[in-house]
Amino acid sequence: MSRLPDTSSLTASLPPVVLEVGELFDVAGHDLSLVGGPVRDLFLGRVSPDLDFTTDADPDQIIAVIKRWADAYWEIGRAFGTIGLRRDGYQIEITTYRAEAYDPGSRKPTVAFGTNLDDDLLRRDFTINAMALRLPSLELVDLFGGVRDLHAGILRTPGTPSSSFSDDPLRMMRAARFVSQLGVDVAPEVSEAMTDMAGRISIISAERVRDELVKLICGKAPDAGMDLMVTTGLADHVLPEVAALRLETDEHHRHKDVYQHSLTVLRQACELETDEDGPVPRPDVVLRLAALLHDIGKPATRKFEPGGAVSFRHHDAVGAKLATKRLRALRFDNDTVKAVARLVELHMRFYGYGEAGWSDSAVRRYVSDAGPLLERLHRLTRSDVTTRNRRKAERLAFAYDDLQARISALAEQEELASIRPDLDGEQIMALLGIAPGPVVGRAYRFLLEERMEHGPQDRSHAETILRSWWSEQPEFEEST
């Protein structure tokens, strides 16, 4: 980790709202400290738009201090001692000193308000988040060596890891998230406790697990964070399909390490994301999840062939179903579930092109099947090349370059992203003299196939081939 600034240089980067609210609480006779992530981020040279404070004031007293100063405030977290507010574009949470623990059989924390800052810091997740800046004096409180651990790039807990993870098992996933976001390593005792207590994550709600997973996936090094989850056993409970990718390598080494391949694909997909003005702005959670999960159908489809080869037939289709099931269990929204599953289903489609080339109709189908996911599919497919054989990698890259060039050429002639038949439903019914029903759908699909195969046609040609198709349908004979 890069060299961190000393404490004396931090105050210049504090937002004015921090000093203002500190003065307000001081005048009211209450302690107030900036705490947790915002203090850590000061040492990392960044300021978060979300600011967390802790105080000896109870929720009613907090409201009395801030109600005229805040642009708006809310009491959603009152039961946990937290009052939220907004001021000058900053989201602020002020929480009464507290202690929090999980009952072994419960998903909900038992909250007890504390009386001093030291005890409040002790119950926080990691030393790098257990630092506070007293206000308005700007005294740094670092009881557990948070600055030291930031310098060293090590993740430790203020108390024992087992006690911290027992209080809130989600902290084990948070450790993996910080590995992804901050590039830190976990201390040996933290890794050991995560391994011993991995099963405790099962008491955490799927929604909280999902939110932590998304933060991990969207970090700078999601492959490192995910690897920690797998090696400690957390993934066995959160993403067992990823943990299962560690296929037992056969003695003849006839297939590559699917797990390490998947981590590499994830890393390479991140590298292909664009800036905010590009088609796939980073971080793109759909692309990253698809990269991680693209091969999860392989364990269920692995087969040792008589000639010594190993096959994974239809692992793309099986993987799409597994991805759908897992993401729904984690309470992802429907759009994300469908998009990730579709990318997993399509990730092998290109290899037919690389081997034999495609007709224009096959290129149209590729674009049509990908729909709005096409730019992500481009990146997933390119990321899926992890071979160390340079000639093979160059051959695949050249083939995909050629496919994208053909897509661009066809797109100049046709609206590939929204391919439709040359006649719409109303025109079909008028031409054939039929009412709405299944026959219209069949006619529509016939024309769509013609459009895919031959490209756009003029209306008269579309009407001619539709009449020919209609004359061969059983409904035509019935109508005559």
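I started with L138, which lies in the loop between β8 and β9. Strands here are DSSP runs of E with at least two residues, helices are runs of H or I with at least four residues, and both are numbered from the N terminus.

Before going on, I noted that this is a predicted model, in which local features need pLDDT of at least 70, side-chain atom pairs count only at pLDDT 80 or more, and totals for chains, interfaces and linings use all residues. Residues are numbered from 1 along each chain as its sequence is written, and side-chain values use heavy atoms, with hydrogens and water left out.

I looked up the backbone of L138 and found phi near 65°, a positive value in a residue other than glycine. L138 counts as partly exposed because its relative accessibility is 25%. The term covers what falls between buried (under 20% relative accessible area) and exposed (over 50%), with a 1.4 Å probe and protein chains only.

I then checked P136, which sits in the loop between β8 (132-135) and β9 (140-141). The peptide bond joining L135 and P136 is cis, with omega about 5°.

Next I turned to R331, in the loop between α16 (315-329) and α17 (334-346). R331 is not a glycine, yet its phi is positive, about 65°.

My last entry is P283, placed in the loop between α13 (258-271) and α14 (285-293). I recorded a cis peptide bond from R282 to P283, with omega near -10°.
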